[in-house]
Amino acid sequence: MTTRILVLALTFLTLPAQSQTAPAEDPDFAASVRQWTTRPEFLSPLVDHLPKIANVPTPKDILGYHIGTPQKLTYYADILKYYRALAAASPRVKILETGKTDEGRDCVVIAIASEEAIKSLDKYRDALAKLADPRALADAQAKELIASAKPVYHLMGGLHSSETGPSEMLMELAYRLVAEDSDLIRRVRDNIIVTITPVADPDGRDRYLDWYYAYKINEKTEDDRLPGPPFWGKYVYHDNNRDINYSQVTMRNLLAWYLQWHPPIMHDLHESVPFLYTFSGQSPQNPTLDPILYSELPWFANYELTTMARFGMPGVWTHAFVDMWSPGYLGFMSSNHNGMLRMYETFGNGGGNTMKRKVTADRRGGGNDVTKREWYRPMPPYPEVEWSMRNNTNYSETAVLAALQLTSNFPKVVLENFYQKSRNSIESGRTQAPFGYVIPGGQKDMNRVALLVNLLRRQGIEVGRATAGFQVKEGSFPEGSFVIKRDQPYGRLAKILLEKQSFPDASLRTYDDTGWTMGLMINVPVKEIEDKAVLAVAVQPVEKFEWKGVLSGFPARSAYVIPDYGANALITLRCRLRDLKFEAAEKAFAAAGVEYPAGSLLIPVQGPNENLHQRIKLAVEELGLPASSLETVPEVPRHEVEMPRLAVFSTWGSTQDVGWVRYALDQFEVPYDLIYKERIRSGNLRAAYDVILMPSQGRGNGKSIVYDVDARGKILAYKKTEKFTNLGMYGESDDISGGMGIAGVAELEKFLNAGGVLITLGEASWLPADFGLAARVDAARPSPAFYAPGPIVNADIEQPTHPLFYGYTGRTIPVRYANGPLLTVPDLDKKEVLLRFPGTADSVLSGLMKGVAETRNKAAVVDVPAGAGRILMFATNPCYRWQNHGEFNMLFNAILHFNDLR
């Protein structure tokens, strides 16, 4: 204890002096915090007190409890209630509305600063916008702007719903920033603007809290812990931090706000490893990002590490956990746009309970034992600890205050760095190849082109459309081609998203994907240009590219034809015109001098229909599809295209990848039933469904899908009740545990024997092989030496006339692969292999596949008979996140042509 007192005494000598007019402190808060903090060294002098200000509400005044109260978590409406009360009481706070969630909750950003700064927020926002795009600034103007501007430091909590602590802590931090009068806090208020996203996933926050109060509130040890709820947000779980294309509405809301405000620092608060990890941008690092960023990150991390070591707080570390390779994390919108990403992982218990926890050698960060002392971990966490929500709050709030202190001490340095990174991005585009990228005009499927262009525009990347044809060393390009020049503020980001990813060191591991090249993912030709002349190409700026389809000809006498050039919107057309008869040409054909590829859709004219021409015209125009009227029906083999009665199966314990498929089906307007083990086990599946789609799910084997959630003998109902209104959404269950079991597998077999079609994606494809539904298909696992974190590889089409490949023009398809089953069939059944991995080094198009030879000649897709039905098994996941749109068409073809897969 004497040592602790000495450390605290020395600490206070190094802290800024307290104001002479400091307000009275809340004794109840101080006593409660000491009580809830499980060891004295888990508390710092920055957060062991709370001032009381007349007419300014503390969290307890509104919520009825202090932050960190055991077993108390705050629903989103009450979080907003607190911030709105704080804003109503203080001129130092303003609430910015940023949109709505899927379920209609308000998305907000809270701004906190001095009264002067809050009054002049628009002025400071505009100043940051000018620094973010300095092309119109002379050096002298930039210096004047930096001298008068303030950096925005953005904090974000609650992205992952089970990580409950940050959203609690941020309320206390907000009050402290408003009410405390210490030199540290006054300097923060005066020199910077702090903005807060209280909960990045409000829908998931409320659903998780319902589940916590229903099932997890009495957990006391790790052995007591039960699984979490089946859903957080509407579609995705943890992947809301991997939404590289910002498909989900809450992620888009935040990005839109970011591109208005340009905060130089964005700080994402998470929970996982003990006791606090602060991100420093370790290898592998994306080399395209500015070197200044890689200097800023350890500068901040080391300051936080030093501050907390000075306070005697153990278990704080940096390095050896998250790397700087993938640009797809939500907070990376900052570093992608010349700002600085910050990130913490604070030890959490998945709720407000105080729990006994073990920190063993098995809990690793970056492959290193987190209980061992390292240069980046000078005071390791204890092997065993009693950990509380208040400990969590103390650690994260202390570290954030240290970061804010550093920023407030060097606000002009932060602004200068932000400005310089923006300038460097522009300058690198003028001096370093590649100088740009071109998406050639005149492509047959302009839908995918429009998707790519608009995804780039969503992130603020400038895209121009050539006003005339042009030539550079890489070739000639027609008028209307899209040009992405690199001499722009986000030119570095354009390069990162469009270039091939060359992983720097195969011995390194990374936290997420190694490949994401957008042209390959969307299957759109994109040309990298090393000729500097591209910068001088005359273009018309594109705000948003709207591609309108065209119906050529007068009302048809026999049929309408829609060529299949690979547009995913063909399935939407079929769904919108569901009452009409559609046929698909099984071979290429010519009509009226026009060549049409196999898979082209024909709509026969069946009797008088005055509205038919107008209906088709409106549909194809809206969907960006070409269509033509035909005088005669072509003599070509064809089959009817019927929309199946489609079910999408999900386990209760692995809904995330299912959610991405649901999102895609919803976006393309494909109707389906979402079913679970309950519907499978009830049987009679063939009477209700033609196709059961099983998206990638489970934990790397069929057993995990069949037996699913282990609730340790407890019943876990997922149902809406009067008390827990956020449960039972997107499906209900009296007990999510147990899985479909062998009885469920037997019902799937009956479905197949009766002529049903089962489509399995990625990890779900282990189930048919492991449980004998596809008896002649072997699903092997790669060896431990194999490492394929999401590379993009070429796959060879083995059966080019199969309906799966309608719309694909080459003999290979770029696909994403990540440790799915290695499928093989007997030699006699080779015709059932539709797509095959070459397994050669040159087949890896982007990213890292270590041990590529293990995939050599393994099947990527097989189509096998099962009873009177069929099983279509993908070793890949053709509907991965909202990324590989070039593969979506294989899945959509399987759905559209379910009756004709043979």
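This is a predicted model: local features need pLDDT of at least 70, side-chain atom pairs count only at pLDDT 80 or more; totals for chains, interfaces and linings use all residues.

Student: Why does the distance between the end C-alpha atoms of helix 20 agree with its number of residues?

Tutor: Helix 20 (residues 612-623) has 12 residues, which at 1.5 Å a residue should span 16 Å; the end C-alpha atoms are 17 Å apart, and so the two values agree.

Student: How should I read a pocket, and what is the volume of the largest pocket?

Tutor: Rolling a probe the size of a water molecule over the atoms shows where empty space is left. Here the largest pocket has a volume of about 980 Å³. Its lining comprises 30 residues, of which Asn447, Ala450, Leu451, Asn454 and Lys544 are the closest to the centre.

Student: Which helix gives the most to the lining of the largest pocket?

Tutor: Helix 16 gives the most, with eight residues. At least two lining residues come from each of helix 16, helix 19, helix 20 and helix 21 (656-667).

Student: Let us turn to strands. On which faces is strand 19 covered?

Tutor: In a regular strand the side chains alternate between the two faces of the sheet. Strand 19 (residues 482-485) is covered on both faces: Phe482 and Ile484 are buried on one side, and Val483 and Lys485 are buried on the other.

Student: What joins strand 19 to strand 15?

Tutor: Strand 15 (residues 436-439) runs antiparallel to strand 19 and is joined to it by four bridges; Tyr437 stands opposite Ile484. Strand 16 (residues 464-466) also pairs with strand 19 in the antiparallel sense, over two bridges, and there Gly464 stands opposite Val483.

Student: How many residues lie between the strands of the hairpin formed by strand 40 and strand 41?

Tutor: Two residues lie between them, and Gly867 in the turn has a positive phi of about 65°. Six bridges join the antiparallel strands 40 and 41 (residues 869-874), with Val864 partnered by Ile871. Strand 40 (residues 859-866) also runs antiparallel to strand 38 (residues 833-836), to which three bridges join it; Arg836 has Ala859 as its bridge partner. Of the eight residues in strand 40, seven are buried.

Student: In what order do the eight strands of the open sheet lie?

Tutor: The order is 1-2-4-3-5-10-6-8, and the pairing is mixed. Strand 1 (93-100) and strand 8 (316-318) are the edge strands, each pairing on one side only. From one strand to the next, the twist averages 20°. Within this order, strand 3 (residues 152-156) and strand 4 (residues 193-197) run parallel and are joined by five bridges; Leu155 has Ile196 as its bridge partner.

Student: Where does helix 11 pack?

Tutor: Helix 11 (residues 249-261) packs on the sheet, touching strands 1, 2, 3, 4 and 5, and its direction makes about 130° with that of strand 1. Helix 14 (residues 389-409) lies across strands 3, 4, 5, 6, 8 and 10, running at about 160° to strand 10.

Terms used. Residues are numbered from 1 along each chain as its sequence is written. Side-chain values use heavy atoms; hydrogens and water are left out. Two strands pair if DSSP finds at least two bridges between them. Axes are lines fitted to C-alpha atoms, for helices over the stretch in contact, and angles run from 0 to 180 degrees between N-to-C directions. Contact means heavy atoms within 4.5 Å. Buried means under 20% relative accessible area, exposed over 50%, partly exposed in between (1.4 Å probe, protein chains only). The expected span of a helix is 1.5 Å times one less than its number of residues. On a 1 Å grid over the protein atoms alone, a cavity is a set of points where a 1.4 Å probe fits but cannot get out, and a pocket is an open set with protein on both sides within 12 Å along at least five of seven lines; lining residues have an atom within 4 Å of a point. Grid points are joined across faces, edges and corners, and a volume is the space filled by probe spheres set on the points.
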